[in-house]
Amino acid sequence: MANHAKHTILRKRNHSKRKGQGRARFKQGILLLFCAFCLCAGGWLWHEALTSGQTARIAVEDDFRPQVGDPPYRVAVDAGHGGSDPGAQGVVNEAQMNRQTAQALVEMLEADPNYIPLNTRDSYDTTAKPGERAAYANTQSPQLLLSIHGNSASEGSSASGFECYPAVPGRTWHRESFYFAELLAAGMQNAGSHLRGRGGVRYLYYQGENKLLVESNHTEERQERSFTILEDVNCPAVLAEQCFVTNEADVAQFGSEEGCRRVAQIYYEAICGYFGTQPLGSS
């Protein structure tokens, strides 16, 4: 009897021990699952932080709003290249695409009593360098300038998408220009365009004959000049590369005759957003 009782006690102890070990293993499993979840969640957040610039607006100063005064507002619409300068060649001619977009945008602004559209040369057929176009615009006291361009890539490249360049940090109209650039990028993204770089807004500097492209999170002030049209005009200004003329799909969506009107509508709505007016035809 004594031996039987002893064995019974040992079996109970072993059973309790196994139950304790089982509970410990269960708790360890739960802890491992929790750790794995945390790692996955952390990885996802890290990925979103890195890629958010591709899909979201960049807010350097969320509370900044440009001081615009009362309408009518004077907006200079600059069609890049033109005349004897065809610009980039591809599926379409860049200068022709710029012209079509600019003409459509001017028509929209002319129909809106809140705006007075301004040209940057006597005619789209006139050959004028960027500095000359900026000087022409300045004679009309613009309050905002949009320079319309198309991008290009080497043969065989599948590069596509939208990017725009505001006046760079340190310039008089940088904050206003950046604010307008964000509106342009957001509009193009909503229309289905791929935003290049950090949210579609970038800076460009000339170093001799070379171009230095930097993303918009590089806010340090630099001495090098940016695009002449942005440097020489006396108002907030953005240069927009609406699509790649060397990419058939990009041109079909944003560089064809219909595509140019679609982009012009996006630009018009961004201008309305900048000045705080209601676009015509919107409810």
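**Exercise 1.** In this predicted model, is Phe227 buried or exposed?

*Solution.* Start with the accessibility: Phe227 has 12% relative accessibility. Next, take the cut-off: buried means under 20%. Phe227 therefore counts as buried.

**Exercise 2.** Classify Tyr206 by its relative accessibility.

*Solution.* The value for Tyr206 is 30%.

**Exercise 3.** What kind of pair do the rings of Tyr206 and Phe227 form, and which parts of the chain does the pair link?

*Solution.* Step one: the ring centres of Tyr206 and Phe227 are 6.2 Å apart. Rings pair if their centres lie within 6.5 Å. Step two: the planes stand at 85°, so this pair is edge-to-face. Step three: locate the partners. Tyr206 is in strand β5 (residues 202-207). Phe227 is in the loop between β6 (210-215) and α5 (228-232). The two are 21 residues apart, and the pair links distant parts of the chain.

**Exercise 4.** How many aromatic pairs does a search of the whole structure find? Then work out the type of the Phe64 and Tyr179 pair.

*Solution.* The search finds 9 aromatic pairs. For Phe64 and Tyr179, the centres are 6.2 Å apart and the planes are at 75°, so the pair is edge-to-face. Phe64 lies in the loop between α1 (2-55) and β1 (73-79), and Tyr179 in helix α4 (residues 174-190), so the pair ties together parts 115 residues apart in sequence. Both residues, Phe64 and Tyr179, are buried.

**Exercise 5.** Which residue has its charged end over the ring of Tyr205?

*Solution.* That residue is Arg222. Its charged end sits 5.1 Å from the centre of the Tyr205 ring.

Definitions and conventions: Residues are numbered from 1 along each chain as its sequence is written. This is a predicted model: local features need pLDDT of at least 70, side-chain atom pairs count only at pLDDT 80 or more; totals for chains, interfaces and linings use all residues. Side-chain values use heavy atoms; hydrogens and water are left out. Rings of Phe, Tyr and Trp (its six-membered ring) pair if their centres lie within 6.5 Å; planes under 30 degrees apart count as stacked, over 60 as edge-to-face and the rest as tilted. Helices (H or I, at least four residues) and strands (E, at least two) are DSSP runs, numbered from the N terminus. Buried means under 20% relative accessible area, exposed over 50%, partly exposed in between (1.4 Å probe, protein chains only). A charge sits over a ring if NZ of Lys or CZ of Arg is within 6 Å of the ring centre and within 35 degrees of the ring normal.
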